Amino acid sequence: MSVTGGRAHRIYSVVVFIVLASLDNVAIGLVPPLYGSIADTYAVPEGAIGAVTAATFLVSAIAAVGWAYVGDHGNRKPLLMAGTVIWGLGAVGTALAGSYPVFFAAQLVAAVGLGAVASVGFSVVSDLITPARRGLVMSFWGLSQGVGTLAGTLLGGLLGHADWRRPFLVLGAAGLVATVAYLFTYDVRRGQSQPELAGRFATGGEYEHRISRADLPTIARRRTNIWLVSQGLTAQVAFGSLVWLPALFRARAEDQGYTAGTAIIVGSVFATLFQLGGALSIVGGLVGDRLQRRTPRGRALVAAVGILAAVPFYLVLFFVPMRIDVPDGAGAGAVTSAVLRGVLTEPTIGLSFLTALVALALTSANSPNWFALIADVNPPEHRGTVYSLGNLVNGVGRATGNALLPVALRVVGGVVPPPLNYAVGLAVFQLFFIPTGIMYWLASRTTPRDIADVHTLLTERAATDAAGPRP
């Protein structure tokens with residue numbers, strides 16, 4: 001990378017950040033498909049392993065606040081590299097853990113590192129993208145996270161069905177490669193994507209403003225921030241419960257007489273396949289960009305409609321009966337091929353797939369527009385911190401959804417047997433999307449003023465900085 005800041009260098013940098021965001025979520029997605037196997041190794045209930053996942057969501061979100069504040073105040077590149085090294089070591093530690101407490105501790109170490117890549121990485125990417133294209137590029141950022149979760153789910157089932165430690169070793173090696181890739185990324189200047197500051201950067205100037213503690217009340221008073229952060233609590237309760245989707249399909253396979261090993265593969269493949277609708281977040285980002293050019297309420301309205309419209313499709317997905325026809329005891333490749341053929345040849349699987357595609361496509365409109373809105377309504381030096389605060393609330397919601405679903409399953413299981421108890425439990429938790437959609441609608445009412453305020457602030461700062469200090 002001899003040309004610093006050239007088009008190829010910038011594209012490389014965006015790709016690296018997006019791939020790293022994906023790897024972060026691979027780390028998150030590895031554990032749920034392996035709950036049963038890990039629990040058996042340590043002779044603990046599955047709920048104990050689920051509690052580890054809930055704790056990692058929370059610790060990662062808390063750590064992200066500290067990482068982001070430091071990143072908004074100084075050099076971001078070393079922080080990203082340090083975070084990657086930490087989560088890579090946590091992944092290796094997880095694979096080598098000889099007891100449940102050590103497994104728990106290794107996962108928490110990984111969670112601390114993951115917090116850096118999520119929050120600081122967002123701040124960097126937002127400075128690479130102009131406002132007009134934020135929805136589109138942020139859809140790739142969000143999509144990479146969804147793809148990472150899917151890849152984690154798939155790798156957990158395919159690589160870990162015989163030895164659950166193997167995928168964590170592979171992930172640790174990937175973290176090492178990622179750290180090296182960071183060395184060659186472009187050092188993005190804070191605020192360089194803002195049109196208001198273009199003249200300042202064109203003349204060799206810099207955007208000197210950095211976050212301070214005095215800015216925190218301003219961040220809290222910005223009304224759109226309140227809605228963008230708050231919606232994550234209810235949204236992530238619902239999303240957090242979805243990490244149990246592999247368990248639903250595994251229970252369905254076991255209910256039809258398949259052995260545990262085959263059922264794990266079936267659960268992982270079905271869960272991965274049925275979440276492919278998340279790839280349509282690109283459409284949500286494009287629609288958000290297009291509508292935002294017509295009205296400053298556009299992105300928030302797209303997210304509100306998508307979230308609310310998805311609820312009935314989720315309810316259908318969980319209760320549509322499926323007839324699974326795969327070779328019991330066969331290898332991962334044979335089972336995967338059988339599942340893929342079933343989408344085309346088995347009507348119940350095909351209907352479930354289409355329902356899941358629509359549901360995930362609608363909810364995926366949330367992600368790119370949320371990312372873009374944070375950048376739209378906050379000046380550059382606030383974005384990482386606001387994102388991390390939103391991510392903290394997201395972590396609380398996600399941990400809550402992940403931790404409470406096993407409780408709900410036990411309660412429902414006293415009335416109905418598996419796999420119906422999984423379907424009922426998951427369906428109830430999707431109702432949390434309703435207040436999420438309402439909060440996005442409320443955000444659509446405050447974004448016009450907040451976007452205008454940021455535009456005015458940056459325009460004034462560009463003029464003042466260009467004039468230089470007064471004598």
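**Cavities and ring pairs**

A: The model is a predicted one. A search of the whole structure finds two cavities of 30 Å³ or more.

Q: Which residues lie nearest the centre of the largest cavity?

A: Of its 13 lining residues, Ala-27, Ile-28, Gln-107, Ala-110 and Leu-114 lie nearest the centre. Helix 5 provides the largest share of this lining, four residues. By class, the lining comprises ten nonpolar, three polar and no charged residues.

Q: What lines the second largest cavity?

A: This cavity, of about 30 Å³, is lined by Leu-242, Leu-245, Gln-275, Tyr-314, Leu-317, Phe-318 and Leu-360. Helix 14 (residues 298-319) gives the most, three residues.

Q: How many aromatic pairs does a search of the whole structure find?

A: The search finds 16 aromatic pairs. In one of them, the rings of Tyr-35 and Trp-244 have centres 5.2 Å apart and planes at 55 degrees, so the pair is tilted. Tyr-35 belongs to helix 2 (residues 35-42), whereas Trp-244 sits in the loop between helix 10 and helix 11, 209 residues apart in the chain.

Q: Are Tyr-35 and Trp-244 buried or exposed?

A: Both Tyr-35 and Trp-244 are buried.

Notes:
Residues numbered from 1 in each chain as written. Predicted model: local features only at pLDDT ≥ 70, side-chain atom pairs only at ≥ 80, totals over all residues. Heavy atoms only, no water. Phe/Tyr/Trp six-rings, centres within 6.5 Å; stacked < 30°, edge-to-face > 60°. Helix = DSSP H or I, 4+ residues; strand = E, 2+ residues; numbered from the N terminus. Buried < 20%, exposed > 50% of the residue type's maximum accessible area, 1.4 Å probe, protein only. 1 Å grid on protein atoms, 1.4 Å probe; cavity = no way out; pocket = protein on both sides within 12 Å on 5 of 7 lines; lining within 4 Å. Points joined across faces, edges and corners; volume = space filled by probe spheres on them. Nonpolar A, V, L, I, M, F, W, Y, C, P; charged D, E, K, R; others polar.
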